[in-house]
Amino acid sequence: MQFTMKRFHIVLYIVVLYIMFYLRETLGLGKVNIGAIFSVNTTHGKVAKIAMNAAVEDINSDGSLLGGRNLSLDIHDSMYSGFISIMGALQFMERDTVAVIGPQTSTMAHVLSHLATELHVPFLSFTALDPTLSPIQYPYFFQTAPSDQFQMTAIAEMISYFQWSQVIAIYTDEEQSRNGITALGDKLAEKRCKISYKAVLPPNISKHDNVVEKELKKVKMMESRVFVVQTLALYGPMVLKTAEKLGMLGEGYVWIAASWLTSVLDSHPTPEIYKLSQGLLTLRLHTRDSPRKRAFVARWKNLSKNSIGLNVYGLYAYDTVWLIARAVTSYLNHGNKISFSNNPTLNALGGGKMNLSALSVFDGGNQLLKDILQTNMTGLTGPLWFTPGRQIVDPSYEIVNIVGSQMKRIGYWSNYSGFSVVAPETLRSRPQNRSSASQKLYSVVWPGGSKEQPRGWIFPKDGKKLQIGVPRRVSFPYFVYQDNHTHAVDGYCIDVFKAAVKLLPYAVPYEFVLFGDGHQNPNYSDLVRRVSVGEFDAAVGDIAIVTERTRIADFTQPFTDSGLVVVAPVKKMTSSAWAFLKPFTPLMWTVTAVFFLIVGSVIWILEHRINDEFRGPPRNQLITIIWFSFSTLFFAHRENTVSTLGRVVLVIWLFVVLIIQSSYTASLTSFLTVQQLSSSIKGIDSLLASNVPIGYQVGSYAESYLNDELNIPKSRLKPLKSPEEYADALQSGRVAAVVDEQPYVDMFLSHHCQFAVAGQEFTKSGWGFAFRRDSPLALDMSTALLELSEDGKLQNITEYWLGSNKACNSKIHANDSDQLKLDNFIGLFLISGISCILALIIYFSIMLYQFQQHLPQQTEPSMSSSSRSVRLKTFLSFADKKENLSQRRLKRKRFTESMPANGSDLHDTI
């Protein structure tokens, strides 16, 4: 009986286990279903499959996850077909799948994200990194690796770091590559760089080898030598192989490959790909070093059975599975159940042969989405969670240079610190520093084995020469002209240009193209505009660098100064017997004389009681004041000052006199030794304050400046074609003055000394050469012009062409502007005046105190009018009385004892 009962219990236990197993398998209560959509025969597909399976195995061995359930991963092979990817996603929706890893491409991510949103099933991808996959548009799609927006930012900053201004983008025409290049263009524009040409390749270039070769031949003939390649890992080596065939991987070229290249080399480090990649720059997503990561890397050989190498996307694949597991665990721990229901919209469609009604909606999809966003974990790649903008935290890249059979890391890039040779996680613990001085990378070995950085561009190899626009001048031919016999273009500006071109480290094929009808000077702004629209490659000549022109073209640094000045007719001033009065204005003379008397009077007051030289009859004292005052002009005063206050006032006044005397001497010397010319026009201010007609040179920017900037009506502006017309218009009175640039004016005045410059140069400008916007030649020419200036060659060219055309050594004399005014010395007079006032205040304060001490005490509290007059007479008598030295010393002692401590020093100054 006991044996029978034992057998019964065993059978019952087996039946219960069988029922539980049956329920788990049929109802799915013992597992959590997730899917994955990848092309398993691609590099990313192979690596991801191994990594995801390893993650599932590790998760299922951890009993603390998923509430004791197992994670079931179903990988659907899309065979690199969009249609099969869609079919796989639909099958997952029929199997109660809570999340899907994938798709592999951004093209399918845009499509399947609509399905995810409708059925509330999150899709998570670490390879579909299109910057335009917005979480607002696709709330159920997650990028579990940094978006390509950050990679394109890193490439743009790399181009700016190496000071290249334009690049050529080579990419396949699919969403991730196309939108990545668009993002690159936006970031380059922020750095004042640009994509000069986009070489678009078919999405599947393996079937269009001829298209790749055709596009690369086209870009080979272009100016830029910096190429950015953004494509899929499958197609990148094909592009490089074609480039090698065309000889485009040698010295002088720059190739920047997106992260596809490091993925290929990490997984398939074949000698052929290394050979194609020599000198290339590429990027790899940076993952922090950790014991867990090192353990997984060591484990990879067994996991992959040496079939493929581990790349960074394998690490992200592993972490993505763990991210889903932790999010589902959080979902279950909050009491939620995994349940699915039919979609009413799909049911209303009736299903039909497509069986749409079989697609089920994940009831807890919205909550699982929140749990994914709130998951904060540390994986093989480092910290892994989402920012408020649904981006992976702390995106960073390694900058890699392919040298030999190695991927040499030359630095890092992160959105926090930019370029550095220190790991980004280290810099994140320090204050942010994105200054140019902090941006650093190690040296690069460029294509062809060169260690010298390529300049990034060459002249197009299409047999064409640069078309250089040259103004066909009618007047002032020294600057630019065409020889009537040889028809060669020559002149000062042409010689400067040729000398600068010779200093360039490369040959520049060019030819001059004359611009203008030869009857009058051309409009220089129109010439610059034609450069901006591409009619000319550059413009060379006497072209002023002004604001409106710099908005449409790039200029070199100026090779000569060229501001606007005013030229007016003048007459020679005759000498005068009163010329010695001209240095000062009448007001200046008056104030100076008054101050002489004031200072003399102050000194007399301070010295009168103690200095015999300032005493005597009133007539003698008045003469002493006047004599002493004006004798200080020559520092010849014979009277000695005794009081300290008097000496202080005198020293300050002598300093003022010294400055006034020196200024007077210098100004008078100028008036008597330099030829003086007079004119009713004193400068640009005189023209603005009047309505007189003003002449300007045809073609010059002077017209637009006078009209637009100074608001002078065009009716007052008269165009003049030549220096001879300048002279005729000024002499006849057709114009009161001519406004032109300084070099033209200097040449004009060298032959017409009856005119002169009125006032000062009222604009600051210079002449330079104009190039198309972002032309790299503009920067190199600026460097060459600097070198010409530093070694003296520019000055030699200037002397050769313009040295003999010296302007007349004269200037227009203007009484109102050249004379020294009171404003020039107001500060000195203030100092002297304040010192006199302070000295008098101190002196009378002490005297009043002494008077109170020696005045007999009045018994009545109030005094009558007569007693006040008596007191005033007594005070005046006291003030006029001579103080002998013995009494003064006694009074000083008594005064010191009676005054407060802080007043004793004040008394000692008397």
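Reply: In H26, the buried residues are Pro-776, Leu-777, Ala-778, Met-781, Ser-782, Ala-784, Leu-785 and Leu-788. The model is predicted. On an α-helix, residues three or four places apart point the same way, because there are 3.6 residues a turn. Read the H26 list with that in mind: Leu-777, Met-781, Leu-785 and Leu-788 are among its buried residues.

H26 covers residues 776–790, 15 residues in total. From first C-alpha to last, H26 reaches 22 Å, close to the expected 21 Å.

The partners come from several parts of the chain. After H26 comes Gly-792, with a positive phi near 85°.

Helix H25 (residues 742–749) is mostly covered too, with seven of its eight residues buried. These are Gln-742, Pro-743, Tyr-744, Val-745, Met-747, Phe-748 and Leu-749.

In soluble globular proteins, nonpolar side chains tend to be buried together. Here the largest nonpolar core has 106 residues, and Phe-123 and Ile-256 have the most contacts inside it. Helix H12 (residues 312–333) gives the most to this core, 15 residues. Ile-256 is in contact with Ile-155, Met-158, Ile-159 and Trp-164, with Val-226, Phe-227, Val-228 and Val-229, and with Leu-281, leaving aside neighbours within four places in sequence. A second, separate core has 81 residues, including Ile-494, Leu-527, Leu-564 and Leu-802.

Ser-177 shows a polar residue under cover. This serine lies in helix H6 (residues 175–190). Ser-177 counts as buried because its relative accessible area is 1%, under the 20% cut-off. Ser-177 touches Tyr-171, Thr-172, Gln-230 and Thr-231, not counting residues up to four places away. Pro-203 is 26 residues from Ser-177 in sequence, and their C-alpha atoms are 9.6 Å apart.

Last, the surface. Ile-826, Leu-830, Ile-834, Ile-837, Leu-838 and Ile-841 make a nonpolar surface patch of about 570 Å². Of these, Leu-830 is found in helix H29 (residues 826–854).

Definitions and conventions:
Residues numbered from 1 in each chain as written. Predicted model: local features only at pLDDT ≥ 70, side-chain atom pairs only at ≥ 80, totals over all residues. Heavy atoms only, no water. Helix = DSSP H or I, 4+ residues; strand = E, 2+ residues; numbered from the N terminus. Expected span 1.5 Å × (residues − 1). Buried < 20%, exposed > 50% of the residue type's maximum accessible area, 1.4 Å probe, protein only. Core = buried A, V, L, I, M, F, W, Y, C linked by side-chain atoms within 4.5 Å. Contact = heavy atoms within 4.5 Å. Patch = residues over 30% accessible without salt bridge, like charges linked within 9 Å, V, L, I, M, F, W, Y side chains within 5 Å. Areas by Shrake-Rupley, 256 points an atom, 1.4 Å probe, with all protein chains shown as cover. Salt bridge = Lys/Arg side-chain N within 4 Å of Asp/Glu carboxyl O.
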